[in-house]
Amino acid sequence: MWKVIVPFFAALLAFGFCQMMAGGLHKIEDADNDEGFQRALQFAVVQHNNGTNDTVLYQVLKVVSAERQVVAGTNYVITVILGRTNCEKEAPVDGCAIHKQPGFARPYQCKFNVWSRPWLNDTRLTKEECGNIEPESQ
């Protein structure tokens, strides 16, 4: 019997079964087409822009990592590189381009934790850490 059970569990581990347990963080494979992730990302960037002292908007240059955790709602752990645009904060976001020259774009990396409970119309930015871009992220 053990000859059947041991290989079965070994196969489950090989296919990442342990990563799919409830409550664990899971990588979002297709973040560009994940509606919940996109809403969480947009929310985080808006909150970030509202909290900066800069007069212009920042937008996402690159999504470094995207993860989700199902709890009483969904936690999104998002790492992005942001760049400075040419749009003032009061301007509409549509058509805001990130500066092409790094000196003007001033790219930096942020890690956001967003908790979303859409059935309550409740989304919160629970953590925000921004700083220099890590070398492997560029």
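Visitor: How do the residues lining the largest pocket divide into nonpolar, polar and charged?
Guide: In this predicted model, Ala, Val, Leu, Ile, Met, Phe, Trp, Tyr, Cys and Pro count as nonpolar, Asp, Glu, Lys and Arg count as charged, and the others, Gly among them, count as polar. Sorted in this way, the lining holds seven nonpolar, five polar and one charged.

Visitor: Which pLDDT do local features need in this predicted model?
Guide: Residues are numbered from 1 along each chain as its sequence is written, and side-chain values use heavy atoms, with hydrogens and water left out. Because the model is predicted, totals for chains, interfaces and linings use all residues, side-chain atom pairs count only at pLDDT 80 or more, and local features need a pLDDT of at least 70.

Visitor: What is the volume of the largest pocket?
Guide: On a 1 Å grid over the protein atoms alone, a pocket is an open set of points where a 1.4 Å probe fits, with protein on both sides within 12 Å along at least five of seven lines. Grid points are joined across faces, edges and corners, and the volume is the space filled by probe spheres set on the points. For the largest pocket it comes to about 310 Å³.

Visitor: Which element gives the most to the lining of the largest pocket?
Guide: A lining residue has an atom within 4 Å of a pocket point, and 13 residues meet that rule, with Gln42, Val45, Val46, Asn49 and Val93 lying nearest the centre. Helices (DSSP H or I, at least four residues) and strands (E, at least two) are numbered from the N terminus, and both α2 (35-51) and β2 (56-71) supply at least two residues of the lining. With seven residues, the element that gives the most is α2.

Visitor: Which residues are linked with Asp122 in a network of salt bridges?
Guide: Side chains of opposite charge can pair when their charged atoms come close. Here a salt bridge is a side-chain nitrogen of Lys or Arg within 4 Å of a carboxyl oxygen of Asp or Glu, a rule that gives a count of six. Asp122 meets Arg117, with the closest N and O atoms 2.4 Å apart, and Asp122 also meets Arg124 at 3.1 Å, N to O. The residues linked with Asp122 in the network are therefore Arg117 and Arg124.

Visitor: Is Arg124 buried or partly exposed?
Guide: Buried means under 20% relative accessible area, exposed means over 50%, and partly exposed lies in between, with a 1.4 Å probe and protein chains only. Asp122, at 14%, is buried, and Arg117, at 16%, is buried too. Arg124 has 41% relative accessibility, so the class it falls into is partly exposed.

Visitor: What handedness does the disulfide of Cys87 and Cys96 have?
Guide: A disulfide is a pair of cysteine sulfur atoms within 2.5 Å, and Cys87 joins Cys96 with an S to S distance of 2.1 Å. Cys87 is buried at 12%, as is Cys96 at 9%. The torsion about their S-S bond is about -120°, so the disulfide is left-handed.

Visitor: How many residues apart are Cys110 and Cys130?
Guide: These two are joined by a disulfide, S to S 2.0 Å, which has 110° about the S-S bond and is right-handed. The pair links distant parts of the chain, with Cys110 in strand β4 (residues 108-117) and Cys130 in strand β5 (residues 122-131), and the separation is 20 residues.
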